[in-house]
Amino acid sequence: MNHEPVLLKKSIDFLITEKNGIYFDGTAGFGGHSEEILKRLDKKGKLIATDKDQSAFEYCREKFLDDKRFSVYHTGFTNIDSISKIEFIEHFDGILADLGVSSFQLDTVESGFTFREDAPLDLRMNKTEGISAADLLNKFPEEEIARILFEFGEEKNSRTIAKKISEYRLTEKFSRTSQLRKIIEQTAPERFWNKTLSRVFQALRIFVNNELEDLKIFLDKAVKLLRPGGKIVVLSYHSLEDRIVKEKFKYESLSCICPPGLPVCTCGKIPGLKLITRKPVTPDETEIGINKRARSAKMRVAEKV
Ligand SMILES: C[S@@+](CC[C@H](N)C(=O)[O-])C[C@H]1O[C@@H](n2cnc3c(N)ncnc32)[C@H](O)[C@@H]1O
């Protein structure tokens, strides 16, 4: 499968603290990080993984079929708490999330994640839940579409694009990526087409997969499920995700959240995490040279206290 795991060695160096521990990989993808975790674990170690994408789930199930230390679930990582109950796990020794989509999803035209080829306009990782990007464009009010493009794609031209979308759907229904591409080509000069398309597709993808809310839910649950001394490692690929991770880690690491100026602390806050990386770790030039997708990666690590 065509997916080069990002910051592979560094992320797993941080993650593994106990060779016979229990680990969680929330974004199994094509098993790159999972494989490295399994390599480093001893016989009694365990790895529980999830992926929302059917192909990724099936691929990992097959890939590690003979390794009894591995189990994978076709579900979102927000279900980490239910899965830990099913598996009779009280705490994890390390939790990993390598967010976003895999190169396989981006490169497989039928997955509909790329705007470079004509494909169904879907953008859901799990095609059995939620609404597709085409349905969103066909059914949502124009102002709501503008809000989504602005909030999740940081697209300045969001209102003009939303207006064009709502005019277009008076006569045609959206179903293909090429239809959306044509709309963008009418609203931006040619030199901005690809950047605008990236932002618009990112916004729709984040919305239809509920990515930012799911990340917040996952981080809340993950912090509670980590064993003291265990690490949480998160790799993100755009600023909206990275901000959520940074703020959650920072909040958890604070020992006081009283308003400034109070003579004594009254909040009683107890830190849940210690920051291991104050600044995000990014791939070096060599890795970026080999793997373009690594360009935007930022890794943050924290330890449960
Ligand atoms: C960047 S890839 C992970 C690649 C993986 N680390 C590897 O080395 O092969 C991200 C994967 O996370 C999955 N994913 C994204 N959000 C998810 C979520 N909320 N729950 C479960 N899986 C998710 C995607 O379907 C995709 O397969």
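This is a predicted model: local features need pLDDT of at least 70, side-chain atom pairs count only at pLDDT 80 or more; totals for chains, interfaces and linings use all residues.

Visitor: What is the hand of the crossing where α7 passes α8?
Guide: Right-handed. The axes of the two helices come within 8 Å.

Visitor: Which residues make the contact of α7 and α8?
Guide: From α7 come Glu142, Ile145, Ala146, Leu149 and Phe150. From α8 come Ser158, Arg159, Ile161, Ala162, Lys163, Ile165 and Ser166. By class, that contact has seven nonpolar, two polar and three charged residues.

Visitor: Why are α9 and α10 oblique to each other?
Guide: Helix α9 (residues 177-187) and helix α10 (residues 193-208) cross at roughly 125°. The perpendicular class stops at 115, and the antiparallel class needs over 145. The angle falls between those limits, so α9 and α10 are oblique. Their crossing is right-handed, and the axes come within 10 Å.

Visitor: What makes up the contact of α9 with α10?
Guide: Leu180, Arg181, Ile184 and Glu185 come from α9, and Trp193, Thr196, Leu197 and Val200 from α10. They divide into five nonpolar, one polar and two charged.

Visitor: Which residues of α1 and α2 meet?
Guide: Leu8, Ser11, Ile12 and Leu15 of α1 meet Gly32, His33, Glu36, Ile37 and Arg40 of α2. The contact has four nonpolar, three polar and two charged residues.

Visitor: Which strands does α1 lie across?
Guide: Helix α1 (residues 8-15) lies across β1 (22-25), β4 (92-98), β5 (226-236) and β7. It runs at about 160° to β5.

Visitor: What makes β3 and β6 the edge strands?
Guide: The open sheet has seven strands, in the order β3-β2-β1-β4-β5-β7-β6, with mixed pairing. Strands β3 (70-73) and β6 (273-275) each pair on one side only. That makes them the edges. The twist averages 20° from one strand to the next.

Visitor: How do you know that β6 pairs with β7?
Guide: Count the bridges. Pairing needs at least two bridges, and three join β6 to β7 (residues 298-304). The count meets the cut-off, so the two strands pair. They run antiparallel. Leucine 275 has alanine 302 of β7 as its bridge partner.

Visitor: What surrounds the ligand?
Guide: A shell of 22 residues. The closest are Pro5, Thr27, Gly29, Gly32 and Asp53. Gly32 also belongs to the contact of α2 with α1. By class, the shell divides into six nonpolar, eleven polar and five charged residues.

Note on methods:
Residues are numbered from 1 along each chain as its sequence is written. Axes are lines fitted to C-alpha atoms, for helices over the stretch in contact, and angles run from 0 to 180 degrees between N-to-C directions. Helices (H or I, at least four residues) and strands (E, at least two) are DSSP runs, numbered from the N terminus. A crossing is left-handed if the near helix is turned anticlockwise from the far one by less than a right angle, and right-handed if clockwise. Two residues are in contact if their C-beta atoms, placed from the backbone, lie within 7 Å. Ala, Val, Leu, Ile, Met, Phe, Trp, Tyr, Cys and Pro count as nonpolar, Asp, Glu, Lys and Arg as charged, and the others, Gly among them, as polar. A residue is near a molecule or strand if its C-beta atom, placed from the backbone, lies within 6 Å of it. Angles under 35 degrees count as roughly parallel, over 145 as roughly antiparallel, 65 to 115 as roughly perpendicular and the rest as oblique.
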